[in-house]
Structure formats: C-alpha cells, structure tokens
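Hi,

Here is the structure I promised to pass on to you. Please open it first, and then read my notes on what turned up in it.

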Amino acid sequence: IGPVLAGILTLAAAQGGGVWGAVLMFSYSLGLGLPFILVGLGVRRLVGVLAAVKRNYHWFAGVGGALLVTIGVLLALNLWVPLLSRLGLLRLVRSFTPPL
C-alpha cells in the first residue's frame, strides 16, 4: 500500500493541485474499500448458502468421496489419461504449469 500511496501523492503534486489529488485519493480509497463493502453486503446471502451446504453436507461428502474413489480406480487401472483425452480435457491438463 505504501508505494502506491506514495505514487498517488507524487502524481497529484506533479500534475497540479488539491482537486486532482482529492480525485486520485478518492479513487484509491474507493478501490481499496469497495471489495470490503461488497463482501459486507453479501454476507447475509453467503450465510444462507452455507446453511444449505450444512444441511446437505452428507450428500456433498458422499459425492466427493465417490468421485475420489472413482478417480483413484481409474488411475490404478491406467484409464484416467485415456478418459481425459477422449473428453478433450487432456490438453487443458498438459498446458498447466505449476507456479513453483
């Protein structure tokens, strides 16, 4: 945050005046605070969604477990890569490079 704020203040000083500095600072503050405002407004809806997930957790856990077992069996039988290539998803996996 420090270098950005310093850049804004330098730009305001170099390009002339308090009004332009106020506009830049308002834009900076809006960009910094708007995500927090949006999260705050969406918390009530998120709580409702999480309550639905909590009520149906056994279904989420069961389906997730079944998918893990299925993928594990496909990997053990060496059928996972042919399935991905048949579905056209292998090119997406091959183009992935980990960030590290």
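Asn78 sits in the loop between α3 and α4 (80–86), where helices are DSSP runs of H or I with at least four residues, and strands are E runs of at least two, numbered from the N terminus. Before I go on: this is a predicted model, in which local features need pLDDT of at least 70 and side-chain atom pairs count only at pLDDT 80 or more, while totals for chains, interfaces and linings use all residues. Residues are numbered from 1 along each chain as its sequence is written, and side-chain values use heavy atoms, with hydrogens and water left out.

Asn78 is not a glycine, yet its phi is positive, at about 60 degrees. Most residues other than glycine have a negative phi. Asn78 has 61% relative accessibility and therefore counts as exposed; the cut-offs are under 20% relative accessible area for buried, over 50% for exposed and in between for partly exposed, with a 1.4 Å probe and protein chains only.

Asn78 follows α3, which has 20 residues and reaches 28 Å from its first C-alpha to its last, close to the 28 Å expected at 1.5 Å a residue. The expected span is 1.5 Å times one less than the number of residues. Helix α1 (residues 2–15) agrees with the rule too: its 14 residues should span 20 Å, and its end C-alpha atoms are 20 Å apart. After α1 comes Gly16, with a positive phi near 100 degrees.

Now the packing. The axes of α1 and α2 come within 8 Å and cross at roughly 160 degrees, so α1 is roughly antiparallel to α2. Under 35 degrees counts as roughly parallel, over 145 as roughly antiparallel, 65 to 115 as roughly perpendicular and the rest as oblique.

Which residues of α1 and α2 meet? From α1 they are Val4, Leu5, Ile8, Leu9, Leu11, Ala12 and Gln15, and from α2 Trp20, Gly21, Leu24, Met25 and Tyr28, with contact taken as heavy atoms within 4.5 Å. By class, 10 are nonpolar, 2 polar and none charged. Here Ala, Val, Leu, Ile, Met, Phe, Trp, Tyr, Cys and Pro count as nonpolar, Asp, Glu, Lys and Arg as charged, and the others, Gly among them, as polar.

Helix α2 (residues 18–55) also packs against helix α3 (residues 57–76), at an angle of about 70 degrees and with the axes 4 Å apart; the two are therefore roughly perpendicular. Val53, Lys54 and Arg55 of α2 make this contact with Tyr57, His58 and Phe60 of α3. These residues divide into 3 nonpolar, 1 polar and 2 charged.

Finally, a few distances. Val19, in helix α2, is exposed at 68% relative accessibility, and its C-alpha is 54 Å from that of Asn56, 37 residues apart along the chain. Leu34, also in helix α2, is partly exposed at 37%. Ser95 itself lies in the segment after α5 (90–94) and counts as exposed at 54%.

Best wishes

Notes:
Axes fitted to C-alpha atoms, helices over the stretch in contact; angles between N-to-C directions.
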